Amino acid sequence: MKERVVNALPNNNVFNPQTQPVYTSNTNTYQSPGIITPPESDAGNVGRLFNSGTTNSTTLGVLGGSVIVTVQLSNPVGSGRTLYVSKLSGGITVSLSLLSSFSGSMVLSANGTLASPSTLPSVNSNLSSTNTSVAIVRFSTAAPTGATTLMTMPLQAGPFSSSVYGSYVVPPGQAINLTVSGSLSVAGLLASTAYFAWWEV
């Protein structure tokens with residue numbers, strides 16, 4: 001009776017160890033902006049990376065209170081472009097040493113309605129570009145109503161910045177909101193700040 005020999009498979013790691021690197025080649029011919037890492041690099045180069053945001057600051061009385069700012073990035077119907085959120089940033093400033101009386105939060109949400117909104121300008125990150133954004137940016141000193149929550153997290157006093165690299169996509173007829181809220185149970189100066197950075201294709 002003959003013995004059959006079965007060759008064992010090497011079971012190599014498909015990821016990139018130093019001894020067995022896996023090389024990739026970008027075959028996507030998309031040009032504006034190019035699909036590179038990070039995509040903001042080319043979007044900024046061609047004048048399609050924009051920024052907008054604001055701060056709401058209030059001196060609270062002896063009983064404290066809340067200070068809220070919501071920035072809404074809206075893509076109008078028929079704009080012909082899609083917005084890709086690049087970065088969420090902002091923070092809460094507190095002029096108070098008793099931080100045990102402080103609480104803060106950040107909420108990212110979709111669509112909804114702002115109370116008594118005001119319009120904000122969109123700034124092109126390429127200072128030599130004359131391109132303007134198709135987005136409509138508004139802000140309110142209250143949280144939006146009727147919005148769908150995408151993400152929420154607590155905030156400490158101070159700044160925050162989160163690069164999302166286009167993970168949130170805003171097609172025409174849609175909007176995305178960034179709400180930053182700070183609260184004090186005692187008197188103090190409180191400021192809430194919210195900013196979007198995005199590119200347009």
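**Strand pairing, core and selected residues**

The side chains of Thr179 and Thr70 are joined by a polar contact of 2.9 Å. The model in which this contact occurs is a predicted one. Thr179 belongs to strand S11, which spans residues 174-184. With a relative accessible area of 7%, Thr179 is buried, because the limit for a buried residue is under 20%. Apart from its neighbours within four places in sequence, Thr179 contacts Ile68, Val69, Thr70, Ser105, Met106, Val107, Ala143 and Pro144.

The chain as a whole contains one helix and twelve strands. Read from the N terminus, the order of elements is α-β-β-β-β-β-β-β-β-β-β-β-β. Of the 201 residues in the chain, 38% are buried. The accessible surface amounts to about 11600 Å², and carbon and sulfur atoms account for 55% of this area. Among contacts with a separation of 6 or more, 84% are between residues 24 or more positions apart.

The largest nonpolar core comprises 29 residues. Within this core, the residues with the most contacts are Leu73, Val85, Val180, Leu190, Phe196 and Trp198. At least two core residues are supplied by each of strand S1 (49-60), strand S2 (65-75), strand S3 (83-95), strand S4 (102-110), S11 and strand S12 (188-200). S3 provides the largest share, five residues.

Strand S3 also takes part in several pairings. S3 and S12 run antiparallel and are joined by twelve bridges. Strand S9 (residues 158-163) is likewise antiparallel to S3, with six bridges between the two; in this pairing Ser89 stands opposite Ser161 of S9. A further antiparallel pairing, over two bridges, links S3 with strand S10 (residues 169-170).

Tyr84 has a partner in two of these strands. Val169 is its bridge partner in S10, and in S12 Tyr84 stands opposite Trp199. The structure holds two aromatic pairs. One of them is formed by Tyr84 and Trp199, whose rings are stacked, at 5.6 Å centre to centre and with 15° between the planes. Since Tyr84 lies in strand S3 and Trp199 in strand S12, the pair ties together parts that are 115 residues apart in sequence. The two members of the pair fall in separate accessibility classes: Tyr84 counts as partly exposed, at 24% relative accessibility, whereas Trp199 is buried, with a relative accessible area of 6%. In a regular strand, side chains alternate between the two faces of the sheet.

Pro121 was examined as a loop position. This residue lies in the loop between strand S5 (118-120) and strand S6 (123-124). Its relative accessibility is 59%, so Pro121 counts as exposed, the limit for that class being over 50%. Not counting residues up to four places away in sequence, Pro121 touches Asn51 and Ser52. The C-alpha atoms of Pro121 and Gly53 are separated by 8.3 Å, although these residues are 68 residues apart along the chain.

Note on methods: Residues are numbered from 1 along each chain as its sequence is written. This is a predicted model: local features need pLDDT of at least 70, side-chain atom pairs count only at pLDDT 80 or more; totals for chains, interfaces and linings use all residues. Side-chain values use heavy atoms; hydrogens and water are left out. Helices (H or I, at least four residues) and strands (E, at least two) are DSSP runs, numbered from the N terminus. Buried means under 20% relative accessible area, exposed over 50%, partly exposed in between (1.4 Å probe, protein chains only). A polar contact is a pair of N or O atoms within 3.5 Å; within protein, one must be able to donate a hydrogen and the other to accept it, and residues adjacent in sequence count only if both atoms are side-chain atoms. Contact means heavy atoms within 4.5 Å. A nonpolar core is a set of buried Ala, Val, Leu, Ile, Met, Phe, Trp, Tyr and Cys residues joined through side-chain atoms within 4.5 Å. Rings of Phe, Tyr and Trp (its six-membered ring) pair if their centres lie within 6.5 Å; planes under 30 degrees apart count as stacked, over 60 as edge-to-face and the rest as tilted. Accessible areas come from the Shrake-Rupley method with a 1.4 Å probe; for residues, only the protein chains shown count as cover. Two strands pair if DSSP finds at least two bridges between them.
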